[in-house]
Amino acid sequence: MTQKIAVLGTGKIGEALLSGMIRAGWSPSDLLVTARRPERAEELRARHDVTAVTNAEAAKAADTLILAVKPQDMADLLGELAPHVPADRLVVSAAAGIPTAFIEERLTRDIPVVRVMPNTPVLVDEGMSVISAGTHATEIHLVRTEEIFQPVGKTLRVPESQQDAATALSGSGPAYFYYLVEAMTDAGILLGLPRDKAHDLIVQAAVGASVMLRDSGEHPVKLREAVTSPAGTTISAVRELERHGVRAALIAALEAARDRSRELASGGNG
């Protein structure tokens, strides 16, 4: 934790990482931030007592650079950094769909690059960050990356070839649950409940079910069967879900998300 870390392009995800590192014991004096707007940089400095610098200054001073910009801004950022990044820096990319090869080609010097796909629950310290090593990244670099992302949730290593699938399941995953909660809340209103009560019932059911899945170690089928009595209410609902092809629709949706991630990684913007 004595190494300097710079978060470049400190938006919501970048700030979540920043605050997580501070809670985990990093000294604010070892943390640098960059932001496109001066007022945003000043806001970060005032809120977290960190040092706001330019991208070039961050590249020269920090041991680890976390690139938290939007994917469409990555090429410009790398062009700005390339003349200033020494060969011993670790570069961590948190930009969706950007392969490590894209970064390595633009920085040269055999710089170690690690690719991370976090999801938005990092904002509440319940994220999942999927980590892949680039060509020149070693075990030391992966461990250093895990130390940065673990304060805001869990981490999981996968080969980079699996990042598109991980993006479909984990990166986009929270949106699917929000979609289901929205639909189930509407169903509760249809059944006669006020919206606020329907919302509270569904959200707590989702939280409770998630904790049971995480902590019990049981297969989801077994947990579902424990709620499913013969000729009861749950099996009647499950029958309708199967009749309407919900399982098949979810599989198709995840395949579509994976395919779009591949398209973005290859430079497609359609």
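Q: Is Arg-40 buried or exposed?
A: In this predicted model, Arg-40 is buried, with a relative accessible area of 12%. The cut-off for buried is under 20%, so Arg-40 falls into that class.

Q: Which residue does the side chain of Arg-40 meet in a salt bridge?
A: The side chain of Arg-40 meets that of Glu-15, at 2.9 Å from N to O. Glu-15 is also buried, with a relative accessible area of 12%.

Q: Why can side chains pair like that?
A: Side chains of opposite charge can pair when their charged atoms come close.

Q: Where do Arg-40 and Glu-15 lie?
A: Arg-40 lies in helix H2, residues 38-48, and Glu-15 lies in helix H1. The pair therefore ties together parts that are 25 residues apart in sequence.

Q: Which residues are linked with them in a network?
A: Glu-15 and Arg-40 are linked with Glu-43 and Arg-47 in a network of salt bridges.

Q: And what about Arg-45 and Glu-42?
A: Their side chains meet in a salt bridge of 2.7 Å, N to O. Both residues lie in helix H2, 3 residues apart, which is about one turn of the helix. Arg-45 is partly exposed at 36% relative accessibility, and Glu-42 is partly exposed at 40%.

Q: How many salt bridges are found in the whole structure?
A: A search of the whole structure finds 22. One of them joins the side chains of Arg-195 and Asp-186, at 3.5 Å from N to O. Arg-195 is exposed, with a relative accessible area of 51%, whereas Asp-186 is partly exposed, at 38%.

Q: New topic: which residues make the nonpolar surface patch?
A: Phe-177, Tyr-178, Tyr-179, Leu-180 and Met-184 make a patch of about 610 Å². Tyr-178 lies in helix H8, residues 173-190, and is exposed, with a relative accessible area of 54%.

Q: What is the volume of the second largest pocket?
A: The volume of that pocket is about 980 Å³. Its lining has 35 residues, of which Gly-9, Gly-11, Ala-68, Val-69 and Lys-70 lie nearest the centre. Helix H1 (12-23), helix H4 (74-81) and helix H7 (163-171) each give two or more residues to the lining.

Q: What is that lining like by class?
A: The lining has 15 nonpolar, 12 polar and 8 charged residues.

Q: Finally, what does the secondary structure of the chain come to?
A: The chain has 12 helices and 8 strands. Of its 270 residues, 38% count as buried. The C-alpha trace spans about 70 × 40 × 35 Å along its principal axes.

How values were computed:
Residues are numbered from 1 along each chain as its sequence is written. This is a predicted model: local features need pLDDT of at least 70, side-chain atom pairs count only at pLDDT 80 or more; totals for chains, interfaces and linings use all residues. Side-chain values use heavy atoms; hydrogens and water are left out. Patches are made of residues with over 30% relative accessible area and no salt bridge: like charges are joined within 9 Å, nonpolar side chains (Val, Leu, Ile, Met, Phe, Trp, Tyr) within 5 Å. Accessible areas come from the Shrake-Rupley method with a 1.4 Å probe; for residues, only the protein chains shown count as cover. A salt bridge is a side-chain nitrogen of Lys or Arg within 4 Å of a carboxyl oxygen of Asp or Glu. Helices (H or I, at least four residues) and strands (E, at least two) are DSSP runs, numbered from the N terminus. Buried means under 20% relative accessible area, exposed over 50%, partly exposed in between (1.4 Å probe, protein chains only). On a 1 Å grid over the protein atoms alone, a cavity is a set of points where a 1.4 Å probe fits but cannot get out, and a pocket is an open set with protein on both sides within 12 Å along at least five of seven lines; lining residues have an atom within 4 Å of a point. Grid points are joined across faces, edges and corners, and a volume is the space filled by probe spheres set on the points. Ala, Val, Leu, Ile, Met, Phe, Trp, Tyr, Cys and Pro count as nonpolar, Asp, Glu, Lys and Arg as charged, and the others, Gly among them, as polar.
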